[in-house]
Amino acid sequence: MGADNTGGNMGEKADTEMAENPFEPYIESLRQKVEEQDPVFLIGIIVALAVIVITCVFLKYFLTSKTVRSAVLLVGLCDSGKTLLFSRLLSGKFKRTQTSITDSSAPYKPKTDRGSIWTLIDLPGHDSLRPQYLEKFKSAARAIVFVVDSAIFQKEVRDVAEFLYVLLTDAVISRNTPTLLVACNKQDITMAKSAKLIQQQLEKELNFLRVTRSAALSSQDGSMGGGLYLGRRGKDFEFSQLPMKVEFLECSARGSKGEEGDADIESLERSLAKL
Ligand SMILES: Nc1nc2c(ncn2[C@@H]2O[C@H](COP(=O)(O)OP(=O)(O)OP(=O)(O)O)[C@@H](O)[C@H]2O)c(=O)[nH]1
Ligand SMILES: [Mg+2]
C-alpha cells in the first residue's frame with residue numbers, strides 16, 4: 001500500500017514537472033539534433049551569432065553617439081561678444097578682450113543637478129579664420145551658441161545670415177543636429193533689436209539666400225540644386241523646419257551695470273542646462 005502511495009506521488013511529481021516545463025521534449029530533441037550535426041556547421045552558427053551581437057553593439061554605439069559629443073561652440077561674427085560670454089559663463093568675471101586669433105576651450109559645468117560637464121569652445125569670428133576652426137570643431141558640437149550683436153544687427157543682417165546658412169547647410173551639422181542657441185547679445189544697448197525681430201529678419205534673409213544659393217549651384221554644375229536644401233521645399237523658410245532644436249534668446253555679456261556688475265546671461269545659462 002505504502003509503496004503504491006509513493007509510486008503514485010512520484011507519478012504526480014513527474015506530471016507536475018511536465019506541466020511546469022512543457023518545452024522539455026522539444027529541448028531534448030533539439031539537443032539530440034545538435035549532437036548529430038557536423039561540428040563545422042555548429043561553428044558556423046556560433047560565428048553568425050557573434051557577428052549579429054557585434055553588429056548590434058556597433059549600431060548602439062553609432063546611434064547613441066550624440067551623448068559622446070560634449071562641445072559647446074561659441075560662434076558668430078567678429079565683435080559679437082563670444083570671448084566676453086566665454087569668460088562670463090566660466091568665471092562670471094568681466095574681461096577686456098581683443099579680437100581672437102585662435103580658439104580657447106575650458107570645461108563648463110551647466111547650472112543643473114545632472115552633473116554633466118561640457119567643453120566650452122570660443123572660436124575666432126574673423127572671416128579668414130572662421131572656416132578652419134569650424135571644420136576643426138563642428139563634429140564635436142553638442143550645441144552651437146550663435147552670438148549676434150543685437151545693437152548693429154540691422155547693418156550686419158546679410159553677413160549674419162550668410163554665416164548661419166553655411167552652418168545650417170553643412171552636412172556634418174545637419175547629420176548630428178546639435179542644438180542651436182541664437183544668443184542675441186548686447187541687450188544693454190538701447191538700440192538693440194529684440195530676439196523676436198532678429199529671428200524674423202533672419203528667416204526672411206535665409207529664405208532669400210537659399211533661392212540665390214541653389215540657383216548659383218544649379219547653374220554651376222548643371223544639376224538642380226546639389227548641396228543640402230535649407231528648410232522645407234515650397235514653403236517660406238522658418239527655423240522650426242530645421243532638424244535641430246533652435247532657440248532664440250536675449251542676453252548681455254556686459255550687463256546693465258557695466259564692467260563692475262554681473263552679466264545678464266541667465267537665459268543662456270538656462271538653455272545650456274537643458275542640453
Ligand atoms: N555693450 C556691450 N558690449 C559687449 C557685450 N558683449 C561684448 N561686448 C563688447 O564687445 C567687444 C567685443 O567682444 P568680444 O567678446 O571680444 O567679441 P568676439 O565675438 O570674441 O570677437 P572676435 O574674437 O573678434 O570674434 C568688447 O569690447 C566687449 O566688451 C555686451 O553684452 N554689451
Ligand atoms: Mg573673441
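So, Thr177 sits in the loop between helix 7 and strand 5; helices here are DSSP runs of H or I with at least four residues, strands are runs of E with at least two, and both are numbered from the N terminus. Before I go on, this is a predicted model, where local features need pLDDT of at least 70, side-chain atom pairs count only at pLDDT 80 or more, and totals for chains, interfaces and linings use all residues. Residues are numbered from 1 along each chain as its sequence is written, and chains are lettered from A and ligands numbered from 1 in the order in which they are written.

Back to Thr177. Its phi is near 45°, a positive value in a residue other than glycine. Most residues other than glycine have a negative phi. Thr177 has 13 C-beta neighbours inside 10 Å, so it counts as partly exposed. On that scale, buried means 20 or more other C-beta atoms within 10 Å of a residue's own, exposed means 12 or fewer, and partly exposed is in between, with C-beta atoms placed from the backbone.

Lys186 also has a positive phi, near 65°, and lies in the loop between strand 5 and helix 8 (195–221). Is Lys186 buried or exposed? With 25 C-beta neighbours inside 10 Å, Lys186 counts as buried.

Then there's Ala171, in helix 7 (residues 171–176). Ala171 counts as exposed because it has 10 C-beta neighbours inside 10 Å. Ala171 and Leu228 are 57 residues apart in sequence, yet 7.2 Å apart in space, C-alpha to C-alpha.

Okay, the sheet. The protein has nine helices and six strands, and an open sheet of six strands runs in the order 2-3-1-4-5-6 with mixed pairing. Pairing here means that DSSP finds at least two bridges between two strands. At the edges stand strand 2 (104–108) and strand 6 (246–250), each with a single partner strand, so one side of each has no neighbour in the sheet. On average, neighbouring strands are turned by 20° against each other, direction ignored. Helix 9 (residues 266–273) packs on this sheet, touching strand 1, strand 5 and strand 6, and its direction makes about 155° with that of strand 6. Those angles run from 0 to 180 degrees between N-to-C directions, with axes fitted to C-alpha atoms, for helices over the stretch in contact.

Now look at strand 4 (residues 141–149). Nine of its nine residues are buried, so strand 4 is largely enclosed by the rest of the structure. Strand 4 runs parallel to strand 1 (residues 71–76), joined by six bridges, with Ala71 opposite Ala141 and Gly76 partnered with Val147. Strand 4 also pairs with strand 5 (residues 179–185) in the parallel sense, over seven bridges, and there Val148 stands opposite Cys184.

Val148 turns up again in the largest nonpolar core, which has 46 residues; Val148 is among those touching the most other members, along with Leu73, Leu74, Val145, Phe146 and Ala183. Strand 4 gives the most to this core, with seven residues. A nonpolar core is a set of buried Ala, Val, Leu, Ile, Met, Phe, Trp, Tyr and Cys residues joined through C-beta atoms within 7 Å.

Which residues come nearest to it? Of the 21 around ligand 1, they are Gly81, Thr97, Ser100, Gly125 and Arg254, where being near means a C-beta atom, placed from the backbone, within 6 Å. Helix 4 (residues 82–91) gives the most to that shell, with three residues.

Terms used:
Contact = placed C-beta atoms within 7 Å.
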